Amino acid sequence: MEAVISGGGLPILLPASDDNEAAASYLEYIDGLLLPGGGDVDPLRFGQEPKPGSGAIFPERDQLEIQLVQAAQDRDLPVLGICRGMQVINIALGGDIYQDLKEVGSAVKHMQEAPRWYPTHSVRIEKGTLLAEAYPLAERRVNSFHHQAVKNLAPGFRASAWAPDGVIEAIESTKHRFLLGVQWHPECMWERDPCAQELFLRFTKACMGAARGQTA
């Protein structure tokens, strides 16, 4: 919430619900959607059986967030996904994830034991992307708290950042003005990292544009 406020936004918390009408109702009151981190998504949501490395799930949250993403992209509402939120975006729009990075034998420690604000591994950022507008350097160090990651991208998406081991660290839509997910946690870094704060500034600016009915 503090990170959104720092960018000039007004955060509104949306309670999880298994009501099929909740997502549409919520979108009437917001100008943008931020999906934060959290537990695992039920593998059944992306057509897989749960594997031994899969963790705790929250079905009501899965249902609401997937519906929110689908409805938000139909309206071209700005969306920012963080960690689990990035994975939810990908799943909601037709992609999938690795249930556990042990599947790919990752060579980078993606679940750090350093303080949450501390950047522990590097990411390579693709030039000319929406992400690069906030993170202009080709390489940046980020914090990391995840054991799952995007596998196959949803249609209409591209990867815009990678860890040194090839794990996708950011995705974005090629069809929408602001539909972006990052695997790290900029909300824990914005007070120390100007790029993390810039990401929230750009997100809230996109939300303000949506509120005014702007198309770009």
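This is a predicted model: local features need pLDDT of at least 70, side-chain atom pairs count only at pLDDT 80 or more; totals for chains, interfaces and linings use all residues.
Local features need pLDDT of at least 70, side-chain atom pairs count only at pLDDT 80 or more, and totals for chains, interfaces and linings use all residues. Residues are numbered from 1 along each chain as its sequence is written, and side-chain values use heavy atoms, with hydrogens and water left out.

Q: How many disulfides does the structure hold?
A: A disulfide is a pair of cysteine sulfur atoms within 2.5 Å. The sulfur of Cys188 is too far for a bond, at 9.9 Å from the closest cysteine sulfur, in Cys83. The sulfur of Cys195 is also too far, at 16 Å from its closest, in Cys188. The number of disulfides is zero.

Q: Is Cys195 buried or exposed?
A: Buried means under 20% relative accessible area, exposed over 50%, and partly exposed in between (1.4 Å probe, protein chains only). Cys195 has 11% relative accessibility. Cys195 therefore counts as buried.

Q: Where does Leu13 lie?
A: Leu13 has 64% relative accessibility, so this residue counts as exposed. Helices are DSSP runs (H or I, at least four residues), numbered from the N terminus. Leu13 lies in the loop between helix 1 and helix 2.

Q: What is the relative accessible area of Asp18?
A: Asp18 is found in the loop between helix 1 (2–6) and helix 2 (22–27). Asp18 counts as exposed. Its relative accessible area is 53%.

Note on methods
Helices (H or I, at least four residues) and strands (E, at least two) are DSSP runs, numbered from the N terminus.
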